[in-house]
Amino acid sequence: SMAWPLIEALCKENDELQARIHELERGHLASILQDADIVGCTISGASIRCDLLADVNFPVVLVEEAAEILEPQLLAALPPSCQQLILIGDHFQLRPKIQTFQLGRELNFDRSMIERLFATQEAEYPKAMLKKQNRMRDEFLCLLRPFYPGLLTNHERVKANQPLSICRESMFFVTMREHTEEEAAERRSPINPREAQLILAFAKQIVRRMVLVYLVYDFVGILF
């Protein structure tokens, strides 16, 4: 019992020394980052080390794939010194991933900041959108024009993309005759095994015909 006050004093001194070490390390890292023209990090790293980024005191923040980042997570990563925020992304494509599917469907929790700012009516923010696509032939643009009305094609870049002769059409739309969606465990995104089996069988048929007609074996990408 007589040693307990000494132990308490030593523990307190240890805590103070650890705090001092952490402060010195953070100051050293901040001085290194302040000499850099560009500081890059993941959104998780920026959220965890927001105190360090606040010490760096940089005025411009550029966020890549901003449409896939939850707004609270982005706000947690922004330092107080931020004067200009540049968001790069496409809110017409993938939304941020969340653990509970119902939060996105019922409460719009999976909406990113860039999507909210594009949709807001209260204020106008400077924004720009790419006007040329470099991936697909013109016949596919009908799928994109509802979202990108003025989209044009860089024909020089896509001219090598020739349609497969083994398919009568370049696009197929298949409607399942009955509702086959199932709720996944832990209330995550729904699953559709029957639709997946149909798509897999179609992909196998394409690969088989490519071997017969072109005498080559190639891979087929499946995007869900």
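Glu 65 sits in the loop between S1 and H4, and I begin there. In this predicted model, Glu 65 has a positive phi of about 55 degrees although it is not a glycine. Its relative accessibility is 41%, so Glu 65 counts as partly exposed.

Asn 108 is not a glycine, yet its phi is positive, at about 60 degrees. With a relative accessibility of 34%, Asn 108 is again classed as partly exposed.

Let me turn to the chain as a whole. The protein chain contains eight helices and four strands, and in sequence order these follow the pattern α-α-α-β-α-β-α-α-β-β-α-α. The radius of gyration is 26 Å, well over the 17 Å that the globule rule gives for 224 residues, so the chain is more spread out than a compact globule. Its C-alpha trace spans about 90 × 45 × 45 Å along the principal axes. Of the 224 residues, 21% count as buried. As for contacts with a separation of 6 or more, 53% of them are accounted for by residues 24 or more positions apart.

Next, the second largest pocket. Its volume is about 520 Å³. Of the 24 residues that line this pocket, the closest to its centre are Val 39, Cys 41, Phe 58, Val 61 and Leu 62. Which element supplies the largest share of the lining? That is S1, with five residues. At least two lining residues come from each of helix H1 (4–34), helix H2 (43–48), helix H3 (50–56), strand S1 (60–64) and helix H4 (71–77). By class, the lining comprises 19 nonpolar, three polar and two charged residues.

Finally, the cysteines. How many disulfides does the structure hold? The number is zero. Cys 82 is partly exposed, with a relative accessible area of 23%. Cys 142 is also partly exposed, at 48%. Cys 41, for its part, is among the residues closest to the centre of the second largest pocket.

Note on methods. Residues are numbered from 1 along each chain as its sequence is written. This is a predicted model: local features need pLDDT of at least 70, side-chain atom pairs count only at pLDDT 80 or more; totals for chains, interfaces and linings use all residues. Side-chain values use heavy atoms; hydrogens and water are left out. On a 1 Å grid over the protein atoms alone, a cavity is a set of points where a 1.4 Å probe fits but cannot get out, and a pocket is an open set with protein on both sides within 12 Å along at least five of seven lines; lining residues have an atom within 4 Å of a point. Grid points are joined across faces, edges and corners, and a volume is the space filled by probe spheres set on the points. Ala, Val, Leu, Ile, Met, Phe, Trp, Tyr, Cys and Pro count as nonpolar, Asp, Glu, Lys and Arg as charged, and the others, Gly among them, as polar. A disulfide is a pair of cysteine sulfur atoms within 2.5 Å. Buried means under 20% relative accessible area, exposed over 50%, partly exposed in between (1.4 Å probe, protein chains only). The radius of gyration is taken over C-alpha atoms; the globule rule is 2.2 Å times the number of residues to the power 0.38. Contact means heavy atoms within 4.5 Å.
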